[in-house]
Amino acid sequence: MISAFFIFNQKGEVLISRLYRTDFKRSIADVFRIQVVSNSDVRSPIITLGSTSFFHVRVNNLYVVAVTKTNANAALVFEFCYRFINICKSYFGKIDEESVKNNFVVIYELIDEINDFGYPQNSEIDTLKTYITTESIVSSAVIPEESSKITTQATGATSWRRADVRYKKNEAFVDVIENINLSMSAKGHVLRADVDGHIQMRAYLTGTPECKFGLNDKLVIDKNEKSMGDAVELDDCRFHQCVRLNDFDATRTISFIPPDGEFELMRYRSTSNVKLPLRITPSVTEVGTSQVQYTITVKANFNVKLSATNVVLRIPTPLNATSADCKVATGKAKYAPSENVIVWKIARLQGGQECTLSATAMLTSTTTRQVWARPPIDVDFQVLMFTASGLIVRFLKVFEKSNYQSVKWVRYLTKAEGTYQIRF
Amino acid sequence: MQTDDLEQKKLVYLYLMNYAKTQPELVILAVNTFVKDTADPNPLVRALAIRTMGCLRAEKIIDYLSDPLRACLEDKDAYVRKTAALCVAKLYDLKPELVIDPDNGFLDMLRNMISDSNPMVVANTVAALTDIHNAAMSQPGASPSDPGYFEITSAILGKLLIALNECSEWGRVAILNALARYVVHDEKESEHICERVVPQFQHVNGSVVLAAVKVIMIHMRGVYREDLLKQLVRKMAPPLVTLLSSPPEVQWVALRNINLLLQKRPEILANEMRVFFCKYNDPLYVKVEKLDIMVRLASENNVDALLSELKEYASEVDVDFVRKSVKAIGQTAVKIDSAAERCVNVLLELIATRVSYVVQEAVVVMKDIFRKYPSTYEGTIPILCSNLDELDEPEAKASLIWIIGEYANTIDNADELLGIFVDTFVEESYPVQLQTLTAVVKLFLKKPDSSQGIVQKVLNTATKDCDSPDVRDRAYIYWRLLSMDPAAAKAVVLAHRPPISIPRTTVPPALLEELLGEVGTLASVYHKPAETFIGKGRIGADAVRKAGDLGEDQFSAQKALQTVVAGQQAENLLDFDDSTSLEGQPSGLAATQVLAQTPAAAGLLAGTSRNPLDDLVSIFGGGGPLAPTTPAVFGGGAFGGMGLASAPPTPAVGQTPTAAQPQQEDLLGLF
């Protein structure tokens, strides 16, 4: 149960304050400001003072805070905060102090709609957009019949879909997006390599279509089932609420009635047979106490027809580095003293291509004896039409009463953002 | 208010909600419009009106609320019904008699709504009934055996299981919570519930997954079929691991719960240690929790990978995290015999870095390893001793002194080394003094010839110049032992110590069972029973004992405690907010945590004496008599709090008697 909901800016000023229950006064916000915002040493997202618990999530320059006095469901509270953040992002494009201040009327409407008396209510973005509107999302004047439709949708068994959707061209876009996590030891052993994937779908389909979704033929969805050599194994998968979980549990079919528009159909995780698109071989040597020499090689380990884009390597330098001299044949490399890293950007890396950076960082002498912690090299990149797990969409069937033809598009993307780490 | 513009209406309503409490007589003017709106043809308006009326909280409104509410509960539109269901809970919060009164029939209407055709209505009804039920149960005078207002019968169970698959994510959590409360009649029923709930593991919302885990953990107790049990445990693992790719806060909640689950069923994630490896940019609270879980999962198969990870962490920047990593190496050594040597080697490498806090922590850890594997790693002692000058923290010093004392006969210059500490005896902190004292006596017992002088000196200093009664007492005891009967002294001081091991659980079994029934909630995050921090005024001495056994390494809880102590002033603010319900509530988190740290204070709480002075004496006199259980919560919180806030004991004794009376009320109010 969430008793109160607040949004603070970085200075601890209250931007939004909504009390759902009566066990607090507004002054409770001051307590949070004193205890968390002005306290530099907060090391837990939940703070309990006396019998009052504050849950906070930091996003950009805001604190999204929920307060409760009961033994609340902590997972639910955080999920709720993140849902709110997502709703704001979808409504205003971003969430920060400015957008909250500009839209505070809508935000009050939203937080009243998605939570009643501390219990979260329907928070499907598409449904909300039908009856809570900003200038940018205009819906016609609400007439009674239409609003009954809205309420039926908001509470119905398929709360995520209106009944009367109509499109001239029936299309469905499927994006398979894989986030790859890697940590590699200094000796080149893979310590951990796994894939967090999600399948994003945009459905523009008429009526109430029944969809069936098929992945690889050799797909093992439960690791403990017998695996078959090179099969794609998913350790776990979870689905949008439209997917019939019972069907999946019994027969492993993914069938659903999709929401209208964009939604995340499925999320999955895979740890076996992960193909690493970029191979990094670092060699870093400290020459005496005044220099560090780097030779970093990146090799693209995939089909020549594909290419990695927006490759950014962040190579840490010691804290006492004064300057760094970098030589690269491909891309651009620059020393960023404020972050203590050498940033090497490669706009495009063809499959099979290999490039090398050599750099020397000059150090000043320091009095501290602390050895350099050597944080890992961090690599960000994107590879289109490549899945690290090997997952492929085999088919997407759409059945509808009117039996129309539909066009389906599939895209694959593998990317890494702050999770592809190589130690040296 | 009578505008047709929905958005404008909402704003006006919001304004009314905020000012109803201060200006009830003005709100009454708006009642007519509200009542009219509850009959509006537009369901959105009807729902909005009933939702807002419930929030107005003005006594006078209530009389006008009953009729529209009853109508809305039977509205043809599900959206209105679901809003009205929660409104009943709001009404109960405001005026319980009205809801309970059978003439009004609200409770019966709610119970009937569990059979509603719309799953969202069912979910909200369940939420409302649970809310009312819990509020009623937490009233003083409610007995736990009373079925309350929301008893879940097998008929209701069936309806809930059906609604579970169809309603929204938040509704699922509400229904799963209700399922968790259901008391099963036989094994078949347990199996049935488990089978129906398992598919929820695949839900994208982490709170649904954890709520499902909770239901399974509870109803698994009634399942005896081996294959089904195995299957359930097997299915539980992947979703738990997947929670680790959620945002850090959710991750943290999941990790705390995984930690609990592992204490009950260590086999769940036996092969998954790698997913708990810390990422460099994880927030600290996530890292620390992962560390704990990794040690829990350590086994002979994965110990090498674990050690190389831990070594890596020990070179990171954050001091706290580095210390925990070093500690984790020690725990691994104690846990897995065959890996002890490798652990020791890693520790020696870390000591060689000569980073002050790493060395200190490593020394502390080495002490544990010496305890677990006596006379195995004596070869490392010279290396440890060579770092003597580096140590400036009491715990590290005390550990090294203990090691020297223990191996006095194999260290040639033990008397010299101890001599350094004897010379600075009075400046050291008390734990170091105690350790020095014991170590010198051990040295004397092992090498009586060469250490006559030093033992004389230390006993003299300790009895004459030391202001800690503990140190003086111990010195006197040793002195007398040595002078009366050296053989007895040997038997006492050099006694064989029981071997140590890493406890499999950090919470006592009974509490663990209770917490597993609360997976996902704050209680499971703090690893404490809910009463300790929601302060319903029902903490018995037993509960406090249980909580007192909690492990020391509970970083977050400790942190929370520190915040509590530091922020007493702020808390005043909290409780002035709520003058009605808090009176006489004894202890929150603070009290129990304090109790965990000062055993004497536990005596105080459990003790029957209510004279504050007596109690204080027993706090500071060390080892007060542990009188049996009376839930004498009276002064416990207050004095416990003070004991901690003023760490050096002597000034506190002086200040308390005068402060006791006025502060007592203040502090009691705090918790």
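**View 1. The nine-strand sheet of chain A.** In this predicted model, which keeps local features at pLDDT of at least 70, side-chain atom pairs only at pLDDT 80 or more, and all residues for totals over chains, interfaces and linings, 9 strands of chain A make an open sheet in the order 13-15-9-8-25-23-18-21-20, with mixed pairing. Strands here are DSSP runs (E, at least two residues), as are helices (H or I, at least four), and both are numbered from the N terminus; two strands pair if DSSP finds at least two bridges between them. At the edges sit strand 13 (236-239) and strand 20 (332-336) of chain A, each pairing on one side only. Neighbouring strands of this sheet are turned by 15° against each other on average, direction ignored (axes are lines fitted to C-alpha atoms, with angles from 0 to 180 degrees between N-to-C directions).

**View 2. One end of that sheet.** Strand 20 of chain A runs antiparallel to strand 21 (residues 341-350) of chain A, and 5 bridges join them. Look for Tyr335(A), which stands opposite Ile342(A) in strand 21 of chain A.

**View 3. A four-strand sheet in chain A.** This open sheet has 4 strands in the order 16-17-22-19, and the pairing is antiparallel. Strand 16 (278-287) and strand 19 (321-328) of chain A each have a single partner strand, so one side of each is left without a neighbour in the sheet. Strand 19 of chain A pairs with strand 22 (residues 354-363) of chain A over 7 bridges. There, Val328(A) has Leu357(A) of strand 22 of chain A as its bridge partner.

**View 4. The second largest pocket.** About 1800 Å³ of space lies in this pocket. A pocket, on a 1 Å grid over the protein atoms alone, is an open set of points where a 1.4 Å probe fits, with protein on both sides within 12 Å along at least five of seven lines; lining residues have an atom within 4 Å of a point. The volume is the space filled by probe spheres set on the points, which are joined across faces, edges and corners. Of the 47 lining residues, Asn86(A), His198(A), Glu264(A), Arg267(A) and Pro247(B) are the closest to the centre. Helix 2 of chain A gives the largest share of the lining, 7 residues. Domain 1 (4-123) and domain 2 (171-270 + 389-411) of chain A both contribute, so the pocket lies between them; the bounds come from an automatic or database domain assignment.

View 5. Phe80(A), in helix 2 of chain A, meets Trp170(B), in helix 11 (residues 169-181) of chain B. Their rings are edge-to-face, 6.1 Å centre to centre with 70° between the planes. Rings of Phe, Tyr and Trp (its six-membered ring) pair if their centres lie within 6.5 Å, with planes under 30 degrees apart counted as stacked, over 60 as edge-to-face and the rest as tilted. Over all chains, the count comes to 23 aromatic pairs.

Residues are numbered from 1 along each chain as its sequence is written, chains are lettered from A and ligands numbered from 1 in the order in which they are written, and side-chain values use heavy atoms, leaving out hydrogens and water.
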